[in-house]
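Please keep the model open beside you as you go through them.

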Amino acid sequence: MAGASLAAIDHRCDAGPGDRPFAECHDDYTVAFVRRGSFGYRSRGGSFEMVAGSLLVGHRGDEYVCSHEHVCGDECLSFKLAPALVEEITPGSTGERRLLWRTGALPPLAETMIAGALAQAAADGERGIDLAEAGMMLAAGFIRLAGGHKKRPLNLSARDRRRAVEAALWIDEHSQEPLDLEQIASVAGLSPFHFLRLFGAALGVTPHQYLLRSRLRRAARLLAEDGRSITTIAYEAGFADLSNFVRSFHRAAGLSPRRFRKAARGERKFLQERIDAALVA
């Protein structure tokens with residue numbers, strides 16, 4: 001999908017650890033939702049480990065490098081925004097807008113993951129969802145969240161970063177199963193305490209937060225695509241009981257699973273209200 005102010009690109013990369021990274025340039029302002037895989041992202045001296053649910057942010061004209069030291073391949077839904085649109089939706093002065101759009105990345109946050117799942121449903125052709133509207137909601141969510149999100153310094157070895165990424169990928173594959181910190185840490189070959197510190201420093205969220213958001217991301221996709229009951233979807237996504245799922249989903253998305261399903265199936269007014277609310281917040 002391409003328009004005058006916003007374009008969407010379904011990006012799939014099959015590069016691996018043996019491929020040499022090279023510098024590229026953002027031709028527009030970019031917000032990319034990582035839906036699968038992992039890669040390293042470096043821009044203007046910042047270094048980020050991108051995993052499923054992360055949000056890559058690019059400033060127009062900046063050089064960047066993507067690498068695949070830990071795993072082969074990734075998939076992203078990328079939105080490119082024209083300068084006029086960025087100026088319109090980003091508050092503050094020119095310098096403040098420049099600083100915001102050089103954030104580099106956001107870790108897997110619940111709100112952006114829900115918006116990303118909705119955007120992906122639109123990209124997959126789900127009826128009633130406009131891709132441009134969904135992309136606008138994702139960009140507006142980034143703008144609102146980026147100012148309040150405290151970035152964490154990444155002072156880890158390449159081996160530690162790889163362990164964190166591999167653990168995140170393992171969580172994604174097993175998120176529907178009952179998991180706890182000790183079990184995930186044992187897969188990484190670390191003590192729970194050391195793993196908790198390493199994972200948080202590398203990815204910006206705790207293992208439990210990542211597990212919960214992985215389950216929410218899976219549930220959001222099933223709600224948008226699947227006709228089964230909400231209870232069945234909750235259990236399939238890995239939630240132990242329906243009430244916990246409904247509370248967690250509502251807290252993350254700002255609406256109930258049933259309301260989200262209706263929005264994903266054609267309530268365009270709801271999408272517009274969410275975009276408007278995000279822009280004025």
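1. How many bridges join strand β4 to β7, and do they run parallel or antiparallel? There are three bridges between β4 (residues 39–43) and β7, and the two strands run antiparallel. Two of the facing pairs can be picked out: arginine 42 has valine 65 as its bridge partner in β7, and glycine 40 stands opposite serine 67 in β7. Please bear in mind throughout that this is a predicted model.

2. On its other pairing, β4 is joined to β5 by five bridges, again in the antiparallel sense. Arginine 42 turns up here too, with serine 47 as its bridge partner in β5, while phenylalanine 39 stands opposite methionine 50 in β5. As for cover, four of the five residues of β4 are buried, so the strand is mostly covered.

3. The connection between these two strands deserves a look. β4 and β5 make a hairpin with two residues between them. Arginine 44 is found in this loop, between β4 and β5 (46–50). Its phi is positive, at about 50°, although arginine 44 is not a glycine. Is arginine 44 buried or exposed? Its relative accessible area is 59%, above the 50% cut-off, so arginine 44 counts as exposed.

4. β7 has a further partner. Strand β2 (residues 23–25) pairs with β7 (residues 63–67) over three bridges, in the antiparallel sense. In this pairing, cysteine 25 stands opposite glutamate 63 in β7.

5. Putting these pairings together, which order do the strands take in the sheet of four? The order is β2-β7-β4-β5, an open sheet with antiparallel pairing. β2 and β5 stand at its edges with a single partner strand each, so one side of each has no neighbour in the sheet. From one strand to the next, the twist averages 30°.

6. There is also an open sheet of five strands, with antiparallel pairing and the order β1-β8-β3-β6-β9. Here the edges are held by β1 (6–13) and β9 (105–106); each has a single partner strand, so one side of each is left without a neighbour in the sheet. Within this sheet, β3 (residues 29–37) and β6 (residues 55–58) pair over four bridges in the antiparallel sense, and valine 31 stands opposite valine 57 in β6.

7. Which helix lies across β3, β6 and β8? Helix α3 (residues 110–123) does, and it runs at about 85° to β3. β8 spans residues 74–81.

8. In α11 (residues 257–264), the buried residues are Pro257, Phe260, Arg261, Ala263 and Ala264. Viewed down the axis of α11, these buried residues fall within an arc of 160°, so they line one face of the helix. An α-helix has 3.6 residues a turn, so residues three or four places apart point the same way. In helix α1 (residues 83–89) we find alanine 84, which is exposed at a relative accessible area of 58%. Alanine 84 and alanine 4 are 80 residues apart along the chain, with their C-alpha atoms separated by 9.9 Å.

9. For the chain as a whole, there are 12 helices and nine strands. Of its 281 residues, 52% count as buried. Among contacts with a separation of 6 or more, 73% are between residues 24 or more positions apart. The chain exposes about 13100 Å², and carbon and sulfur atoms supply 49% of that area.

10. Finally, a word on confidence. The chain has a mean pLDDT of 87, with 89% of its residues at 70 or more. Where is confidence lowest, and where is it highest? It is lowest in helix α12 (residues 268–280), with a mean of 58, and highest in β6, at 97. Where pLDDT is low, the predicted coordinates should not be read in detail. I would kindly ask that the text keep this in view.

Notes: Residues numbered from 1 in each chain as written. Predicted model: local features only at pLDDT ≥ 70, side-chain atom pairs only at ≥ 80, totals over all residues. Heavy atoms only, no water. Pairing = 2+ DSSP bridges. Contact = heavy atoms within 4.5 Å. Axes fitted to C-alpha atoms, helices over the stretch in contact; angles between N-to-C directions. pLDDT = per-residue confidence, 0-100. Buried < 20%, exposed > 50% of the residue type's maximum accessible area, 1.4 Å probe, protein only. Areas by Shrake-Rupley, 256 points an atom, 1.4 Å probe, with all protein chains shown as cover. Arc of directions from axis to C-beta.
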